[in-house]
Amino acid sequence: MGDFNKKINSFLKNKYYIGIFLFILLLVLKFPILNTPYFDDEKLWYVSASLLISQNNLNPIYRGIELPKELQIEEERKHPWFDSTRNYITDGVHPPLFFEILALFYLLFGHSLILTHIIVIIISFLILQYTYLLGKYLFNSKTGFFASILLLFSPVFFSQAGRAYPDILCAWLGLATIYYALKNNKTLYLIFGSLTVLSRETGICFIIIILIYKIVRNFKNSKKIIFNTMLQYGFPILIILFWYVYHYIKTGLFIYGQNVSRATGSIQFILNFLEFTKFIFIEQYRFILTIIMIYFMIKNKNKLTVNKLIPLITVLCLIIFISWANVQAIRHLTPIFPFLFIFMTFSLEQTFKKNKKLLPVIVFLIIILSIKEWHAPTNIIYEENMHYLDVINTREIALDFILKNYPNSTFWVDGLFYYDLVYPYNGYVQEPLTNVELIPIDYLHKNEIFYNDSNFNKNFKKGDLVLDSKWAVDEIRKEYEFIRYLDLELIKEINVHNEFIKIYKIK
């Protein structure tokens, strides 16, 4: 038994063994999604923008650039990046690093679903590895290992670990930035810190946290030392300012596009803060770890140093920033969870320090509960778990049914499904479908955002198919009431884990 414990301890302390184990485990678990179609904003903006940049010699400024072949659609159909007043493409002014990474690989190897997902999985593995490294550095190897395992199986992280969003990149780079800053490795801090601010707007928070930490630690030193510290550790801020100034010179837009800025007032900030805090600390069975964490902090309130509290401080700072930014997408919370699980796992490990056999048992139970949540009903646009795959599955089944049984019929869909069916790179079709039409609902603002007027002058005809799906924003769901005024016959209903698509035929 003693030899077994020694081998376990040796394994937990070896970062290379841990890395190999985490990578294999993640790859095995995410293997089923490697060829899965894109979903939501990854298809609408992130992958499509990366495709455009890859065919523009990796130039991140793509206003006014001609559409690449993957984004071309014929006749009256119009790509959503063209607005009503310009003939060129607009952009969201986000920091460019994530787009550049995807674009570089697309340029080298060509675009594919598998390539995109592998890139995201590798970044996700690096998050797990640095969760282990930071947990080990701040506390011990056992905390680092179990924190990375709990993070891997947590529904929100496991979902994001297969989706092409820049928040996953920001999570890894932010972790590495904090890790190297705490280790006083200035060279690697400056490299990772500069990359972090170019990955997502959230990245600036990591630099601010480190600046405050370093000032507090050097508070008793001379003003010259404090100034030099601020200058050195604040350098990444200059990098992101340079990007925004450069973007402004090239496009006339500074920081945010006209439709993106959402900075909020005090009341909305409080509501956002409470909502995000509830999700982070309570939902998906995290309340179990939160209770243990609170108990540990009360019991050890006089022993908790600033270094030990860094993960929790980072969590709170990120919640404050995201609440102020007034973003509603759960994916923006991704950088929070590595730090959260590090501190929660340390609290768990210390609470059961005298009963070491209980720690893996509790971790295993939490993993089981987390897996149970992977396909649970979602509340916030399908980003908190794997439920988005059920939406994709219903659409694939519906498309297969229509093409096999009604290949010559016109079928009407909402804007999000339409987007899939005219752009093959999204993974649903090999060639753009020509017998699909957009349901004319006011929410899409007609030609101002998606398609021009001629597409809305089509009439519903006898034999046409109309698809009603559960996955759509509230406005679209309400507008679907118009199908009651058509003479419809339900010919197929597809259900996957409470997701549905109903296929109607016009009589």
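The legends below describe close-up views of charged side chains in a predicted model. Residues are numbered from 1 along each chain as its sequence is written, and side-chain values use heavy atoms, with hydrogens and water left out. Because the model is predicted, local features need pLDDT of at least 70 and side-chain atom pairs count only at pLDDT 80 or more, whereas totals for chains, interfaces and linings use all residues.

**View 1. A salt bridge joins K43 and D420.** The whole structure holds 9 salt bridges (a side-chain nitrogen of Lys or Arg within 4 Å of a carboxyl oxygen of Asp or Glu), and in the one between K43 and D420 the N to O distance is 2.7 Å. This pair links distant parts of the chain, with K43 in helix α3 (residues 41–54) and D420 in helix α19 (residues 415–422), 377 residues apart; helices are DSSP runs of H or I with at least four residues, numbered from the N terminus. Both K43 and D420 are buried (under 20% relative accessible area, 1.4 Å probe, protein chains only).

**View 2. R331 and E383 meet in a salt bridge.** Their N to O distance is 2.4 Å. R331 lies in the loop between α15 and α16 (336–351) and E383 in the loop between α17 (358–372) and α18 (388–405), so the pair ties together parts that are 52 residues apart in sequence. R331 and E383 are both buried, and salt bridges with shared partners join D41, D167, R200, E201, R331 and E383 into one network.

**View 3. R200 forms a salt bridge with E201.** The closest N and O atoms of R200 and E201 are 2.7 Å apart, and both residues are buried.

Technical notes. Helices (H or I, at least four residues) and strands (E, at least two) are DSSP runs, numbered from the N terminus. Buried means under 20% relative accessible area, exposed over 50%, partly exposed in between (1.4 Å probe, protein chains only).
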